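I opened this model to look up a few things and note them as I went. The entries follow in the order I made them.

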Amino acid sequence: RKPQLNDDYVKFLRLAQYLVSISRFGIIAMITNNSYLYGITHRIMRKSLCETSSTLTFVNLGGDTKFDSEHHLDENVFEIRQGVCIGIFVQSPNFLEKIKYTRITGSQIAKYKILTDSKSRGLKSQSLEVTPPHYFTPDISVGESEYNEWPSIPDLFPSFVNGIVTSRDAFCIDLSKEQLAKRLHDFSSLD
């Protein structure tokens, strides 16, 4: 679904990624929608993050009310419907060294406590592997089986055409019937 890629957080993250890439060193830290962690349409975004970062750290705070969670109580920290993630992207000239992923579940208050507790600096995290076509994806099971059940676009449409291509709209289209008729008459009387 292309609209997911038009979400403002994707644009801001890409802008930050570009600005840091100019200096080749930097840290980007953002609290955003968490859909890019598992979204099928976000594959190239994940690939790009892997190509431009030496360390990726994700703290997935969950709280997405649109999905049935295996966690009975998984409140959002911001009282919104969309799941939330803290993403920290470290860029240095080194290649990607590691991807750390932590998932925190529970009530809003429990999540606040975990995030503010100085002892939770060593939150239990898992390492994620970079494997195409999904790249790093902790929760790829969300929607993937349903997605893969449908036929691919090339299977549905084996013949490819561009459709209608117009190249002289300014000549062929006009709001005035008289102007258009005059233009077509002038064109047809050319030698």
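In which helix does Arg 46 lie? I found Arg 46 in helix α2, which covers residues 43-52. I note that the model is a predicted one.

Next I checked burial. Arg 46 has a relative accessible area of 0%, and I call Arg 46 buried because that value is under the 20% cut-off.

I then looked for polar partners of the side chain. A polar atom of the Arg 46 side chain sits 2.8 Å from the backbone oxygen of Gly 39.

I listed the contacts of Arg 46, leaving out residues up to four places away in sequence. Arg 46 touches Tyr 36, Leu 37, Tyr 38 and Gly 39, and also His 134, Tyr 135, Phe 136 and Thr 137.

Which residues make the nonpolar surface patch of about 540 Å²? I noted Phe 12, Leu 15, Tyr 18, Leu 19 and Ile 22. Phe 12 belongs to helix α1, residues 8-23.

Is Phe 12 buried or exposed? I put Phe 12 down as exposed, because its relative accessible area of 53% is over the 50% cut-off.

Last, I took the totals for the chain. I counted seven helices and five strands, in the order α-β-α-β-β-β-α-β-α-α-α-α from the N terminus. Of the 191 residues, 32% are buried. The accessible surface is about 13600 Å², with 58% of that on carbon and sulfur atoms. For contacts between residues at least 6 apart in sequence, I have 72% joining residues at least 24 apart.

Conventions
Residues are numbered from 1 along each chain as its sequence is written. This is a predicted model: local features need pLDDT of at least 70, side-chain atom pairs count only at pLDDT 80 or more; totals for chains, interfaces and linings use all residues. Side-chain values use heavy atoms; hydrogens and water are left out. Helices (H or I, at least four residues) and strands (E, at least two) are DSSP runs, numbered from the N terminus. Buried means under 20% relative accessible area, exposed over 50%, partly exposed in between (1.4 Å probe, protein chains only). A polar contact is a pair of N or O atoms within 3.5 Å; within protein, one must be able to donate a hydrogen and the other to accept it, and residues adjacent in sequence count only if both atoms are side-chain atoms. Contact means heavy atoms within 4.5 Å. Patches are made of residues with over 30% relative accessible area and no salt bridge: like charges are joined within 9 Å, nonpolar side chains (Val, Leu, Ile, Met, Phe, Trp, Tyr) within 5 Å. Accessible areas come from the Shrake-Rupley method with a 1.4 Å probe; for residues, only the protein chains shown count as cover. A salt bridge is a side-chain nitrogen of Lys or Arg within 4 Å of a carboxyl oxygen of Asp or Glu.
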